[in-house]
Amino acid sequence: IVRGLLDFARQSRVTKEPTDLRGLIEDVRAIVAPRAEAARCRVEAQCPADLPALNADRTQVRQLLVNLVENGIDAAPGGRVTVRARPSDESRQMEIEVADNGCGIAAENLSRIFTPFFTTKEMGKGTGLGLAIVYGIVKMHSGDISVESAPGHGARFLVTLPMDAAPAGNASGGPP
């Protein structure tokens with residue numbers, strides 16, 4: 001819990017640099033591989049070979065992806081988590097999608113999932129900080145995040161980040 005709080009508090013600093021998102025996604029797959037293997041869950045990546053670089057804080061985007069993928073693994077034991085990245089057709093935005101075919105999120109919980117310390121996991125399985133950290137990282141990058149889910153039909157998180165915008169300053173990046 002303390003490590004999560006410290007990670008959440010550190011989100012006030014964004015150091016952007018050109019980031020190979022395709023390579024970063026492969027790094028994340030390696031990081032979560034033991035957890036995915038233990039859950040018998042496949043983690044797949046779908047990125048175009050010519051994916052442009054994203055001007056972002058590499059460490060924070062890695063944390064964002066690890067949190068989303070690990071949540072997907074937890075929700076889909078024996079299933080699949082897919083990470084897709086693509087430039088948006090209509091603007092200078094990068095779309096990053098993390099989708100699973102797991103248990104889904106109940107409608108009454110969707111509005112609270114980015115709230116710090118909110119969790120639907122059993123005691124000892126989660127702190128309720130993962131998605132709050134994801135939300136903060138997205139906002140510090142001047143981006144947006146949305147979720148689609150229904151019980152029994154998995155979840156789909158869509159993160160949209162500007163390809164080259166300046167950081168949002170020292171805002172806390174708190175949940176909506």
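Modeller: Here is a close look at one helix, its partner helix and the aromatic rings beside it.

This is a predicted model, in which local features need pLDDT of at least 70 and side-chain atom pairs count only at pLDDT 80 or more, while totals for chains, interfaces and linings use all residues. Residues are numbered from 1 along each chain as its sequence is written, and side-chain values use heavy atoms, leaving out hydrogens and water.

Let us start with helix H5, residues 130-140. Helices (H or I, at least four residues) and strands (E, at least two) are DSSP runs, numbered from the N terminus. Of the 11 residues in H5, 9 are buried (under 20% relative accessible area, with exposed over 50% and partly exposed in between, using a 1.4 Å probe and protein chains only). Among them are Leu131, Ile133, Tyr135 and Met140. After H5 comes serine 142, with a positive phi near 60 degrees.

Next, the partner. Two packed helices are described by the angle and the distance between their axes. The axes of helix H3 (residues 58-75) and H5 come within 9 Å and cross at roughly 145 degrees; axes are lines fitted to C-alpha atoms, for helices over the stretch in contact, and angles run from 0 to 180 degrees between N-to-C directions. Residues of H3 including Leu64 and Leu68 meet a set in H5 that includes Val134 and Ile137, where contact means heavy atoms within 4.5 Å.

Now the rings. The structure holds 2 aromatic pairs: rings of Phe, Tyr and Trp (its six-membered ring) pair if their centres lie within 6.5 Å, and planes under 30 degrees apart count as stacked, over 60 as edge-to-face and the rest as tilted. Phenylalanine 114 and tyrosine 135 have ring centres 5.5 Å apart and planes at 40 degrees, so this pair is tilted. Phenylalanine 114 sits in the loop between helix H4 (107-110) and H5, and tyrosine 135 in H5, so the pair ties together parts 21 residues apart in sequence. Both phenylalanine 114 and tyrosine 135 are buried.

Phenylalanine 114 also pairs edge-to-face with phenylalanine 157, at 6.4 Å centre to centre and 80 degrees between the planes. Phenylalanine 157 belongs to strand S7 (residues 155-162), 43 residues away from phenylalanine 114 in the chain, and is buried too. Together, Phe114, Tyr135 and Phe157 form one aromatic cluster.
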